[in-house]
Amino acid sequence: MSLTAPSFEAATRRIDPFLMSVLKSRFEAIVREMALVVLRTSRSAVIKNARDFSCAILTYDHQLVSVEDALPIHVMSMDMATRPLNELFDDVAQGDIFINNCPYTGGTHHADLIMSMPVFYKGEPLFWVVALSHHADTGAPAPSTYLPFAGTIFEEGMHFPCVRLAQNYKERADILRIGTMRNRVPELWLGDVAAQSGAVRTAERRIIDLLDRYGRDTVVNFVEDWFDYGRRCAKAAIAALPAGTWEYTTTHDPVPGVADAGIPVHVKVTVDPQAGEITVDVRDNIDNVPGGLNLSANTCNGSCRTGVFNNLDETIPHNEGAKSQIKVLLRNGCAIGAPKYPVGTSVATTNVNDRLIIAVTAVFSRMGAPYGQAESGSHLPAGTGVISGFDPFKRGKGYVNQLFVAYGGGGANHGHDGWLTYCGPANGAMIQLDSVEIDESMYPIVIERRGVVADSQGLGEYEGAPGMGGVIYPLDHDMTILYAADGTANPPSGVLGGTAARPCHTHRIGSDGSVTVLPAFCEEVVIAAGTRIAFTACGGGGYGDPALRDPERVAATVNRGWLSRDLARSAYRVELAETAEPGVLAVDARATARLRG
């Protein structure tokens, strides 16, 4: 059935379109400079090496103007952390800086400290500048920021529920004392807070310079035009989709004592091309669970929109106008929704949240090719675990850090194989792999190996990315590691005929070479001196019938070392032959034709 294209409202331009392009780039440059300040001046490896942070500019009435190089989990819900500031404070002034890491006041989870600063121009508040960083420690009972077994916020680390950190550009020493007292690595925490402060102060100066140059009215009119443009782009992209309602369910692995049967994540997506709107309904899900796997309202809203944007044109600006065309329906007291105080949400940015983005991204495959994406590997296998201990080479000084040594691969979509360095949909390939040398120089550990695990991906006309694996061991001390490896029981599924990826696993290797299988979800597993921990993260699911995969792509994957020759023959029915170049295989066209019948 053909649909008549909707008649979107005519564009009303307030400023010259060429000036609009200039100002768009200027705002983007300000956000990039904020990011560089955080990257270059932070102290924690999770921020400065892995880039677990995001920066943004919003209007003073909390509409998203610009985000650049931000993590998907942070992009579409920044406003939820700033809106409470105007509700809780009636005296916001120039030079104020606020911090918020509490999911019950709009935060993501307690490890993400969200710093916000108002930008005043000639006495008028016009913008908020925001720098969000994932901190290495928050003073939780266990040395981690991910606590799947923490049933309430009283079992988590410190919460700053919209607290004024600075007045008239001067930080409050009492607030900083609270933060450092309840922290295992206080000097890192102070350094990371200072980096965020530097970022928002820099952004304030740059925006004031911009207003001085172009004038208040021109900049404000640009913002309105920019939102209109984002809205029109989103509507046009949605108008090209088929109309209808589709549903999809994926299931997070069982977590003993928290969710013994696992946590199903069910989504219903309705596409209205005529209105240029998409509605994501997640109300039909289980109530809050007694652990830290519940989503926050921030992560639930943001992730529903992220899953939709994964299926739209990538050139659509991620601003308030585009965001407004995606409606989210959630309910209070729901594990996939808004939490009911005081349930725990410390894992709200990863595991179940990853499954939510996966479900919203994958539900589009119900429309048939070329829509949707296969399921991807999730967050927090042991390769991205939080390690801690006492450094024997630094007089027993304590350390805490989240590693990003090896993580999950992306699911395939139509026309494309999965992304290798995906690290779960909440991060969408924006988190960087750690440098082995830097990790080993900062912490008393050895990364014995890490790399691609062949044959771990889902197969299909388009392949999921393989998982990554590795081995780590501590030097001359006992190291604690905490992780939450979803995908052990329910590995990522394929779509439209694609196959599932292989499960992830975690083992301890004794000094005598003995191997012990470790639980998928662990708090404070001790890797004693002389022992090692080995792990494999999940790859991504496949997209489409494996029998339709181009034999040349099969040969390329085998030559890359990601697929075995035997699996190429048995699963893809592709026969490969030796060539004159040692170690390089080519398609044997005749034998492949016989295998494929």
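**Close-up 1. Phe 27 and Phe 127, two buried aromatic residues.** Both Phe 27 and Phe 127 are buried in this predicted model, where buried means under 20% relative accessible area, exposed over 50% and partly exposed in between (1.4 Å probe, protein chains only). The two residues form a tilted aromatic pair, with 5.6 Å centre to centre and 55° between the planes; rings of Phe, Tyr and Trp (its six-membered ring) pair if their centres lie within 6.5 Å, and planes under 30 degrees apart count as stacked, over 60 as edge-to-face and the rest as tilted. Because Phe 27 belongs to helix H1 (residues 17-41) and Phe 127 to strand E5 (residues 124-134), the pair ties together parts that are 100 residues apart in sequence. Helices (H or I, at least four residues) and strands (E, at least two) are DSSP runs, numbered from the N terminus. The model is predicted, and local features need pLDDT of at least 70, side-chain atom pairs count only at pLDDT 80 or more, and totals for chains, interfaces and linings use all residues. Residues are numbered from 1 along each chain as its sequence is written, and side-chain values use heavy atoms, with hydrogens and water left out.

**Close-up 2. The aromatic pair of Phe 222 and Trp 226 in helix H7.** Phe 222 and Trp 226 form a stacked pair, 6.2 Å centre to centre with 15° between the planes. Both lie in helix H7 (residues 216-239), 4 residues apart, or about one turn of the helix, and both are buried.

**Close-up 3. Cis peptide bonds at Pro 342 and Pro 370.** A cis peptide bond with omega of about 10° joins Tyr 341 and Pro 342, and Pro 342 is found in the loop between strand E11 (326-329) and helix H10 (351-363). The bond from Ala 369 to Pro 370 is also cis, with omega near 10°, and Pro 370 sits in the loop between H10 and strand E12 (386-391).

**Close-up 4. Positive phi at Leu 380 and Ala 429.** Leu 380, a residue other than glycine, has a positive phi near 65°; this residue is in the loop between H10 and E12 and is buried, with a relative accessible area of 2%. Ala 429, likewise not a glycine, has a positive phi of about 75° and lies in the loop between strand E13 (397-402) and helix H11 (436-442), where Ala 429 counts as partly exposed at 24% relative accessibility.
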